[in-house]
Amino acid sequence: MADDGVNTKVEAVSKATTETIELRTEDGGVFDVDKPVAMEFLILKSFYEDEGRVFDKTSIRLPNVKQLELSKVIEYCTRALEFGAKSAAAAGDKDAERMVRQEREGFEAEFVDELSNEMLKELILAVNFLDIKEMLDFLIRSVANRIRNRSVAYVRQFFDIENDFTPQEEDQIHQENAWAFEGVDAD
Amino acid sequence: MSILPDELWRRVLELGIRSRCFTYKDLCCISISCRRLRRISDEDWLWSRLLFFDFPSDNRDPPSSSFPSSSLNRSKSLYKSRYERDRERKFAAHKRAVLRKESQIAEHSRKLRGLETRLAEETDNMRATISELSNLRKVREASVALKVWQPEVIRGRQKQIVEQCVVPVESRIHALEMELKLCKQQILGFEKALKDEKQRLNIAKEELLAVKYHPLRDYTSLSAGDHESSKKKRKQRTEKIPLGQDSSSGSLFI
């Protein structure tokens, strides 16, 4: 069934009657997405441009994407476009540019804070599939931030990784990498 | 549940390094986690980028492509040896800094002791001068008093005082008064110098502490240190209790 909350949000943002496209997720979600937002998904863009199709209200099925992820993706891309427009409007005015930048950073921080590790990973896979470069870089940077300066155990748990080394291999690897962890330094 | 493909992992590591988010330590951590990640995070192009960032003095060209090269791990071992060399250097420099500070402190302490000695000498000198001065003043009083009529008993005593004095009274008094003035000046000077030197010593001691600071080591010694200082405080408190007769100051508290 359609996610009415998202639909009304998306439709409210674009007050002018822009074209929309219908996207169906793997788990039965249906989303009406504005054309500018949908064109951020390069997988869709190439679909329309390469094939020379007319942008009509066809329904496209996205096999690798679920409802929750898609709604998050739409939310991010919509705001990203808004920020883009604001930035362009503020061009030349340093203060306004800075304000837009701060606003964007605030939004991005909040957006990623609310994501669990699992959700972050799912989003990355979805965005990778949809081929949204900017959002992918943003998510990847967030992952990097989450695992920096952490223990091995944390990294494993974060990515659901199993330690597939034999005990001897593990010994060897610990020895190989020990130099990085000798804590004498005063950085 | 969800597994990131190799390509995305490479992207995470690449962006992490490029944005200076990851250090060698993070890469090593990731390398230890599992086989696949070890393979990816040990790749040459990643470590040569790190080398370029952290040890740029080698005039290396920044690695341009993000091609995973052969599994030689040349860059990683190169990084390791640079890092270890650097760490040795840092360690030696740190040791030198500590030694320098410690010798500064010894120097200040030596000066302090010298000043304290001279201060004590001058104080003794002053006391002797004051004492001689007071005697001579008595002689002067006596000789003045002899010029007027007095009961014979007193007169006799005064004559004795005057006759016992062998030095020329007035000039000696004058000299002693000048000496006293000088002593006082010297003492003031020493006291000020002492104060300054103490301050310098304290600053040097604080600087030594700062140089020696190590977050992990100090955590354990801090708790021991707290124990020490609280023991000391308790001791002082018990010593202060018998306040009735404080013999050192020579006074009685009522």
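**Figure 1. Chain B of the predicted model.** In chain B, contacts between residues at least 6 apart in sequence join residues at least 24 apart in 70% of cases. The model shown is predicted. Chain B contains eight helices and two strands, and their order along the sequence is α-α-α-α-α-α-α-α-β-β. Of the 254 residues in chain B, 30% are buried. The accessible surface of this chain is about 17,600 Å², with 57% of that area belonging to carbon and sulfur atoms.

**Figure 2. Chain A of the predicted model.** Nine helices and three strands make up the secondary structure elements of chain A. Along the sequence they follow the pattern α-β-β-α-α-β-α-α-α-α-α-α. Buried residues account for 41% of the 187 residues in chain A. For contacts in chain A between residues at least 6 apart in sequence, the share joining residues at least 24 apart is 63%. Chain A exposes about 10,400 Å², and 50% of this comes from carbon and sulfur atoms.

**Figure 3. The interface of chain A and chain B.** Contacts link 43 residues of chain A with 36 residues of chain B. The two chains bury about 3,600 Å² between them, and carbon and sulfur atoms carry 65% of that area. Ten residue pairs, both members at pLDDT 80 or more, are in polar contact across the interface of chain A and chain B. On the side of chain A that touches chain B, the elements giving two or more residues are helix 6 (117–130), helix 7 (133–147), helix 8 (152–158) and helix 9 (167–177) of chain A. Helix 7 of chain A gives the most, with nine residues. Sorted by class, this side of chain A has 17 nonpolar, nine polar and 17 charged residues.

**Figure 4. Salt bridges between the chains.** Side chains of opposite charge can pair when their charged atoms come close. Four salt bridges are found across the interface of chain A and chain B. A salt bridge joins the side chains of A:Asp164 and B:Arg35, at 4.0 Å from N to O. Over all chains, the count of salt bridges comes to 35.

Figure 5. B:Glu14 pairs with B:Arg11, their closest N and O atoms being 3.6 Å apart. The two residues are three residues apart in helix 1 of chain B, about one turn of the helix, and both are buried. B:Glu14 also forms a salt bridge with B:Arg18, at 2.7 Å from N to O. B:Arg18 lies four residues from B:Glu14 in helix 1 of chain B, again about one turn of the helix. B:Glu14 counts as buried because its relative accessibility is 10%, under the 20% limit. B:Arg18, with a relative accessible area of 46%, is partly exposed. A network of salt bridges links A:Lys133, A:Asp137, B:Arg11, B:Glu14, B:Arg18 and B:Arg49.

**Figure 6. The A:Glu108 and A:Arg104 pair in helix 5 of chain A.** The side chains of A:Arg104 and A:Glu108 form a salt bridge, at 3.2 Å from N to O. About one helical turn separates the two residues, because they are four residues apart in helix 5 (residues 94–113) of chain A. A:Glu108 has a relative accessible area of 14% and is therefore buried, the limit being under 20%.

**Figure 7. Helix 4 of chain B and its surroundings.** Helix 4 (residues 44–54) of chain B is largely enclosed by the rest of the structure, because eight of its eleven residues are buried. These buried residues are B:Asp44, B:Trp45, B:Leu46, B:Trp47, B:Ser48, B:Arg49, B:Leu50 and B:Leu51. The buried residues of helix 4 of chain B pack against helix 1 (6–18), helix 2 (24–33), helix 3 (35–41) and helix 5 of chain B.

**Figure 8. B:Ser75 and the residues it touches.** B:Ser75 belongs to helix 5 (residues 74–145) of chain B. With a relative accessibility of 1%, B:Ser75 counts as buried. Leaving aside residues up to four places away in sequence, B:Ser75 touches B:Asp44, B:Trp47, B:Ser48 and B:Leu51. B:Asp44, B:Trp47, B:Ser48 and B:Leu51 are among the buried residues of helix 4 of chain B.

Notes
Residues numbered from 1 in each chain as written. Chains lettered and ligands numbered in written order. Heavy atoms only, no water. Contact = heavy atoms within 4.5 Å. Buried area = accessible area lost by both parts, 1.4 Å probe. Polar contact = N/O pair within 3.5 Å; in protein donor to acceptor, adjacent residues only side chain to side chain. Nonpolar A, V, L, I, M, F, W, Y, C, P; charged D, E, K, R; others polar. Buried < 20%, exposed > 50% of the residue type's maximum accessible area, 1.4 Å probe, protein only. Areas by Shrake-Rupley, 256 points an atom, 1.4 Å probe, with all protein chains shown as cover.
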